[in-house]
Amino acid sequence: MRSSRLVRDLAAQVGTRQVLDRPADLAAYGYDAFGASGERHLPGAVVFPGSTEEVSAVVQVCANHGVPVVPRGAGTGYSGGAVPRGGGVVVCLTRMSSVLGIEPDAMRIRVEAGMVTAAVHRRALESGLYYPPDPGSSSTCTIGGNVACNSAGPHTLRYGTTADYLTGATAVLADGRIARLGEGGDLGVDLLRVLCGSEGTLAIVTEVVLRLVPAPASRSTVAASFAGMEPAAAAVAQISAAGLVPAAIEFLDAAALRAVARSGVDAYAPEAGALVLLELEGDPGDVAAELDAALTALASGSPSSVEHAADGPGQKRLWAARKAISAAVATVMIGKVNEDVVVPRDRIAELVATVQRVGAEHSVPVVNFGHIGDGNLHATFLIDPRRPGDRRRGDDAAARLFEAVLDMGGAITGEHGVGSVKVPFVERQLGPGTVELMRRIKASLDPRGLLNPTTKVPPAREDGGWGV
């Protein structure tokens, strides 16, 4: 793959300084957040285009050489979706990080795919507007990656996912052609919905138009600690029964709270068996009424403590444990297998117990946290990749978890995407008919199977699939 001709052709499109092909330089692009615990697959080259036109030119070069293309943002994904398992050229979009336009009256913003999600939040707020999708890695992940995985976050319960805010996109197809979608140009065919969540297997998104909403006038945060997950889940069920739809309902189990305490973060209720966080936002009068109703609902679970805050510093303190958890688990173990599974939300306590049992069966510690309001659990198996067999035990535990989740009527991913690590479970969840439809869509847009070939779509048994 590392042919001098290919590298020269790539450099001719973007400049020599924007192409890496030395193994020492490629090492940082052989894994994403999933592979950070030990797995590596070096690409043949990494390219940093600076515009849609340069992405188009790079893809054309790769098509001419018959070389796979793996789109990449910040590498924060937990499913191996940006890992070049089959080699090829990684197309990294981080240079493309500009705001191309913001229209406050139309409540929309146009940005390049390499823009960090938190920067979109800031630019929206500067105009008195709000971009609700907020993945846990929003300070580092990119909008293009969010579109690729249809990312969500704590505010999904009330506001929805990335797909609900994507109103336009510019994308480069597998042969290098440029397509502009949305904004009234699809003639009734919702191609944006096909593209959002396709994980770089159908096209490379280079620019997006995002819908914004008015910034909430008032916000209140509630933190409640419980003896364990059962009473916490019961209290959350009462919130739903009361007809409340908070902006967010998050939780951490006891192991997660211990990890946060060990990291040194001064967070709320470090000794609790479970912590539930609510965020209420909207007009001041509505927030006040919802706060009273939420406190009544939470009381049904006999919480050991409840606190609410309406000011920035107070809210920050209550959210501290949830914001710190991803980094905090590194104080317990240096590696992790972090899965995002979904079950009907009335079974979240059962799922937490299942994760704990699976961890014990495979001799790996576990930490649970996530979006209890919509049944999205971040089940984290802690490993030390330097220890023989640890990575395998973590992967085996995750596989057993997927089976249990599907038995419960759930889904193997909520927002991290299928990537490459969950491909073996796609047909088990969707069935052979749906998988065949996925293959046909893939073949129609990428007939040579060069775009992210080991990701998302299970290979056809007859011929080994899309270039794998």
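**Close-up views of a predicted model**

View 1. Helices (H or I, at least four residues) and strands (E, at least two) are DSSP runs that are numbered from the N terminus. This is a predicted model, in which local features need pLDDT of at least 70 and side-chain atom pairs count only at pLDDT 80 or more, while totals for chains, interfaces and linings use all residues. Residues are numbered from 1 along each chain as its sequence is written, and side-chain values use heavy atoms, with hydrogens and water left out. S12 is joined to S14 by nine bridges, and these strands run antiparallel; two strands pair if DSSP finds at least two bridges between them. Within this pairing, serine 225 stands opposite leucine 275 in S14. S12 also pairs in the antiparallel sense with strand S15 (residues 305-309), over five bridges, and here threonine 221 stands opposite alanine 309.

**View 2. Strand S13, covered on both faces.** In strand S13 (residues 248-253), six of the six residues are buried, so the strand is largely enclosed by the rest of the structure. In a regular strand the side chains alternate between the two faces of the sheet. On one side of S13 lie Ala248, Glu250 and Leu252, on the other Ile249, Phe251 and Asp253, and all of them are buried. S13 pairs with strand S14 (residues 274-282) in the antiparallel sense over six bridges, and leucine 252 has leucine 275 as its bridge partner there. With strand S17 (residues 366-371), S13 pairs in the antiparallel sense over two bridges, where the bridge partner of phenylalanine 251 is glycine 370.

**View 3. The packing of helices H9 and H11.** Helix H9 (residues 254-263) packs against helix H11 (residues 312-328) at an angle of about 80 degrees, and their axes are 9 Å apart; axes are lines fitted to C-alpha atoms, for helices over the stretch in contact, and angles run from 0 to 180 degrees between N-to-C directions. H9 and H11 are therefore roughly perpendicular to each other, a term used for angles of 65 to 115 degrees, whereas those under 35 count as roughly parallel, those over 145 as roughly antiparallel and the rest as oblique. From H9, Ala256, Leu257, Ala259, Val260 and Ser263 meet Ala321, Ala324, Ile325 and Ala328 of H11, a contact meaning heavy atoms within 4.5 Å.

**View 4. An open sheet of five strands.** The order of the strands in this open sheet is S5-S6-S10-S8-S9, and the pairing is antiparallel. Strand S5 (99-103) and strand S9 (178-182) stand at the edges, each with a single partner strand, so one side of each is left without a neighbour in the sheet. From one strand to the next, the twist averages 10 degrees. Strand S8 (residues 166-172) is joined to S9 by five bridges, and threonine 170 stands opposite arginine 180 in S9.

**View 5. Glutamate 199 in its loop.** Glutamate 199 is found in the loop between helix H7 (191-195) and strand S10 (204-211), and it is buried, with a relative accessible area of 6%. Leaving aside neighbours within four places in sequence, glutamate 199 is in contact with residues including Ala148, Cys149, Asn452 and Lys456.

Technical notes:
Buried means under 20% relative accessible area, exposed over 50%, partly exposed in between (1.4 Å probe, protein chains only).
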